[in-house]
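Subject: The structure we talked about

Hi,

Here is the structure for you to open on your side. Please have a look at it first, and then read on for my notes.

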Amino acid sequence: MSIFIRIWFFFGLIILLGLWFMSYTFNQQVKPNVRQVVEDTLAENANIIAMLVAEDVYENKVSTPQFDEKIQKALKRKLNANIWQHNKDQINQQIYITDEKGIVIYDSQGIATGQDYSQWNDVYLTLRGKYGVRSTRSYDVKGNDLGSSNSIMFIAAPIYYQVNQHNKLIGVVSIGKPNISVQPYIQRAENQLIRQAAWITLISLFLASLVAYWLKHSIDRVRKYAQALAPVNQTPHFRSAQELNLVAQAVENMREKLEDRAYVEHYVNTLTHELKSPLTAIQASAELLKEDLPLDDQQQFATHIHEQSHRLRSLIDHMLLLTRLEKSKHQIEIQNFNLSELIQQVLDQYASQIQTKKIQCLLDIEPDCMMNADRFWIQQVIINLIDNALDFSANSAKLLIQLHRSHHLQNDQNIELTIFNEGEWIPNYALSQVFDTYFSLPRPISQQRSSGIGLSIVKQVIEQHYGKIQIENIQENSISIIQPHQQGVKVNIQLP
């Protein structure tokens, strides 16, 4: 099937789904909103009528023929109102009044007088000082339910009368309005929506045809241009679009040839830039050593050369690791190993550095924590994280490593590794960049920067293992086993 027809078809499908969603939203939102407006109006009317009939209720005049005649005359008043193209000619409301015990003392329909309405929601809540409202379904003469659209909404208001300078609750007035009376307005809105939706559908399908034709024509131009640059070779196949297959055939060969070249150029440029700084420092120190210097100065420059050489080696090692990682994406070697033992082995490698800086190393490691992963790359993750934690820890600072298994839904387990080092917080601007390649912060003591590759490797390895990693500034009081309360940086890793 041509991509032209597919685009046109799916565009039309999206439009139809959008129209269905609009119709669903209308039924779920517009109708209730209309009834909410009606409820608002009835609540105002109920309170106005409650004020007007208060004296009649207090003087027991509501049961007189004169009161009924006055109410019936008001309810049967003829209207000549054209409201939003709907001709309204009568009032569609009914009224009943109860005393302070909920007994109906007046009903405009003349059928409920004397009945106990104290348990009906509108009367029950109003007598207790709350907002009273209820909806009651309507039934025909045979007792059949006429549906929710024929239900009647009743809104009640308390009737107060001032006795001895105090407002006394003497009854409740409730106004009812059939929901069917607002149906013409809802129906008119529905009809108007359908007409507009039909026009929108026709115009949208026409525009979709133009866009699909333009896209097909553009793809043909790209295909011809690509074929002029490179011969066709093996390419991925798209079942859904013939035109995309032609484009892919023409572009694939160029992509393979240019990808390796761009990859090499990128890392050569990056490596050249990163090597300049330590090489310049080594060269300067070596030239100074040629001169006749005191022994202390000679040792200082020799130490400087040793440090920069170590930095060069670390940079090259990290670049090789990063290159190996990016070249072997989705080709990790899964094996079963003991993560608890691996962490201890890495810590043994850093024993001298931990002892030199007098780091207080606190371990909360679950024994024999087995996992299925690429052992080499998980080891690189732990090395980089501990190396970073030690670099940013002051002398005699605390280092906490926690390892636990956590149970999730069904029988799935996650391995959670947390490394916390006491020290300065990461600046807010840097929190979102710490995993970026070549981004590095100066170490607190030496003020030197690393290659900025370590945490990038960590993030890529965790993602290849379908895990999550998060780094944040925290107070130590959020970690119960560390006292006293100090600030630091926590890295949290979750691996399936």
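Below is what I found, starting with the whole chain and then going through a few places in turn.

First, please keep in mind that this is a predicted model. The chain has 496 residues, and 36% of them are buried. Its secondary structure comes to eleven helices and 14 strands. If you take the contacts between residues at least 6 apart in sequence, 65% of them join residues at least 24 apart.

Helix H9 covers residues 375-391 and helix H11 covers residues 454-464; their axes come within 9 Å and cross at roughly 140°. The crossing of H9 and H11 is left-handed. On the H9 side, the residues in contact are Trp377, Ile378, Val381, Asn384, Leu385 and Asn388, and they meet Gly454, Leu455, Ile457, Val458, Val461 and Ile462 of H11. Sorted by class, this contact has nine nonpolar residues, three polar ones and no charged ones.

How much of H11 is covered? Most of the helix: nine of its eleven residues are buried. Among the buried residues of H11 are Ser456, Gln460 and Gln464, along with Leu455 and Val458.

**Two loop residues with positive phi**

Ser396, which is not a glycine, has a positive phi of about 65°. You will find Ser396 in the loop between H9 and strand E11 (398-407). Ser396 has a relative accessibility of 38%, so it counts as partly exposed.

Tyr466 also has a positive phi, near 60°, and is a residue other than glycine. Buried or exposed, then, for Tyr466? Its relative accessible area is 70%, so Tyr466 is exposed.

**Aromatic rings**

A search of the whole structure gives six aromatic pairs.

Another pair is Tyr117 with Trp120, which is edge-to-face, at 5.8 Å centre to centre and with 65° between the planes. What about the burial of these two residues? Tyr117 has 13% relative accessibility and so counts as buried, whereas Trp120, with a relative accessible area of 37%, is partly exposed. Ring pairs join Tyr96, Tyr117, Trp120 and Phe154 into a cluster.

**Arginines over rings**

Which ring does the charged end of Arg134 sit over? The answer is the ring of Trp120, with the charged end 4.3 Å from the ring centre. This brings us back to the cluster, of which Trp120 is a member. Arg128 does something of the kind with Tyr124: its charged end sits over that ring, 3.8 Å from the centre.

I hope this helps you find your way around. Do write back with any questions.

Best wishes

Definitions and conventions
Residues numbered from 1 in each chain as written. Predicted model: local features only at pLDDT ≥ 70, side-chain atom pairs only at ≥ 80, totals over all residues. Heavy atoms only, no water. Axes fitted to C-alpha atoms, helices over the stretch in contact; angles between N-to-C directions. Helix = DSSP H or I, 4+ residues; strand = E, 2+ residues; numbered from the N terminus. Left-handed = near helix turned anticlockwise from the far one by under 90°. Contact = heavy atoms within 4.5 Å. Nonpolar A, V, L, I, M, F, W, Y, C, P; charged D, E, K, R; others polar. Buried < 20%, exposed > 50% of the residue type's maximum accessible area, 1.4 Å probe, protein only. Phe/Tyr/Trp six-rings, centres within 6.5 Å; stacked < 30°, edge-to-face > 60°. Lys NZ or Arg CZ within 6 Å of the ring centre and 35° of its normal.
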